[in-house]
Amino acid sequence: MKVLLTGGAGFIGRNLVEAYLKRGDQVVVVDRKAADTEFEWLSECTVYGEDIRTEAFIEIVNKEKPDLINHHAAQIDVQSAIKDPLNDASINILGTINVLEACRTVPGCRLIYPSSAAIYGTPEYLGVDEEHPIRPLSMYGISKYNPEEYIRIYAALYGIPYTIFRYANVYGRYQDPKGEGGVICVLMNSALKKQLFTIFGDGEQTRDFVHVSDIVEANLLASDESYNDVFNISTGKATSLLETIDLMEQVAGFQLEKQIKEERKGDIKHSYLTNHKAKAQMGWTPHMDIKKGLGETYSFYQ
Ligand SMILES: NC(=O)c1ccc[n+]([C@@H]2O[C@H](COP(=O)([O-])OP(=O)(O)OC[C@H]3O[C@@H](n4cnc5c(N)ncnc54)[C@H](O)[C@@H]3O)[C@@H](O)[C@H]2O)c1
């Protein structure tokens, strides 16, 4: 299969590149930072350091004629979205429309789109299922949700087969600390560099941390078959920050130096997503428990 992966030079993208290559797929990466020389690990792929919003991107898709576009390129930083909502919307909304425009020019080309738990906002109930109201608390949440509707309309108009995922907080190898699942990365950095770790609030806040290997697994399933539907991809479990710190300390083998600061305004207190739908309809299930996942990630960074 020929897969065109947007955002292939990023955190989840790099994990996907490795998985696709491992199973013998032909991989084309389009990522505007992929032209940098540090990305020599992309040498087995065809690489375009292009922006997804350009006419050139449509030409690339027309030339490569992929069986699947796996669209992971995005502006992912919540704070940047607040500071520069035009840029956020331009990449995440207009960028995805351009990806859809390109996709419809290649007959039979399928699409995977990763949305986010950020679209749900403050949970009205736990665990959050796919029917939960959409009430984003940030521009990023809006710009991740809006393309879901475009995808549904493009699918209805042009018959593009698609799968939409809503990831919980993803963590694992190749992650940049600025990402959405960043707290685990910050914890990793504190452990590796023996730096002070700041707990905002009482540390009882919970998140649903899903390991990138489980994200990859869901993507591989949806690469072989389009489900034309939307699925939470999550562990279905809430883990508190204090529990996560405790597990991190067990993995590292020493106590972290910690400080407590006031709770940050706007932070969601508790969140986890159910994964029943992905289990029932895709046969997907998460395999990595958090302690093992933290251990694997810590060894990788070491
Ligand atoms: N990391 C998470 O916890 C998480 C959670 C929910 C959803 N997601 C979604 O998963 C996807 C991948 O996230 P990630 O954490 O790997 O992010 P990342 O920032 O590591 O990777 C995104 C990549 O997209 C590229 N990119 C950005 N704008 C581009 C543009 N205009 N043209 C071409 N390339 C561009 C970047 O260079 C980067 O390599 C995103 O769509 C994100 O919204 C991530």
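1. Helices (H or I, at least four residues) and strands (E, at least two) are DSSP runs, numbered from the N terminus. The structure under discussion is a predicted model.

2. Two or more residues of the lining of the second largest pocket come from each of H1, E5 and H5. H1 contributes the largest share of that lining, with four residues. By class, the lining of the second largest pocket holds 18 nonpolar, eleven polar and 13 charged residues.

3. The shell around the ligand. The ligand is surrounded by 27 residues, and the closest of these are Phe11, Ile12, Asp31, Tyr140 and Lys144. Helix H1 (11-22), strand E5 (110-116) and helix H5 (139-158) each supply at least two residues of this shell. Which element gives the most to the shell around the ligand? E5 does, with three residues, whereas the largest share of the lining of the second largest pocket comes from H1. The residues of the shell comprise 13 nonpolar, six polar and eight charged ones.

4. Polar atoms at the ligand. An oxygen atom of the ligand lies 2.8 Å from a backbone N or O atom of Ile12. For Lys144, the side chain is involved: one of its N or O atoms is 2.8 Å from an oxygen atom of the ligand. A polar backbone atom of Arg32 is 3.2 Å from a nitrogen atom of the ligand. The ligand taken alone exposes 820 Å², of which the protein buries 95%.

5. How many cavities of 30 Å³ or more does the structure hold? It holds one. The volume of the largest cavity is about 40 Å³. Phe200, Gly201, Asp202, Gln205, Glu263, Asp267, Ile268 and Lys269 form its lining. Two of these lining residues are nonpolar, two are polar and four are charged.

6. Backbone geometry at Gly127. Leu126 and Gly127 are joined by a cis peptide bond, with omega of about -15 degrees. Where does Gly127 lie? Its place is the loop between E5 and H5. Both E5 and H5 are also among the elements that each supply at least two residues of the shell around the ligand.

7. Backbone geometry at Lys65. A residue other than glycine, Lys65 has a positive phi, near 45 degrees. Lys65 is found in the loop between helix H2 (55-64) and strand E4 (68-71).

8. Points to view in the model.

Definitions and conventions: Residues numbered from 1 in each chain as written. Predicted model: local features only at pLDDT ≥ 70, side-chain atom pairs only at ≥ 80, totals over all residues. Heavy atoms only, no water. Near = heavy atom within 4 Å. Polar contact = N/O pair within 3.5 Å; in protein donor to acceptor, adjacent residues only side chain to side chain. Areas by Shrake-Rupley, 256 points an atom, 1.4 Å probe, with all protein chains shown as cover. Nonpolar A, V, L, I, M, F, W, Y, C, P; charged D, E, K, R; others polar. 1 Å grid on protein atoms, 1.4 Å probe; cavity = no way out; pocket = protein on both sides within 12 Å on 5 of 7 lines; lining within 4 Å. Points joined across faces, edges and corners; volume = space filled by probe spheres on them.
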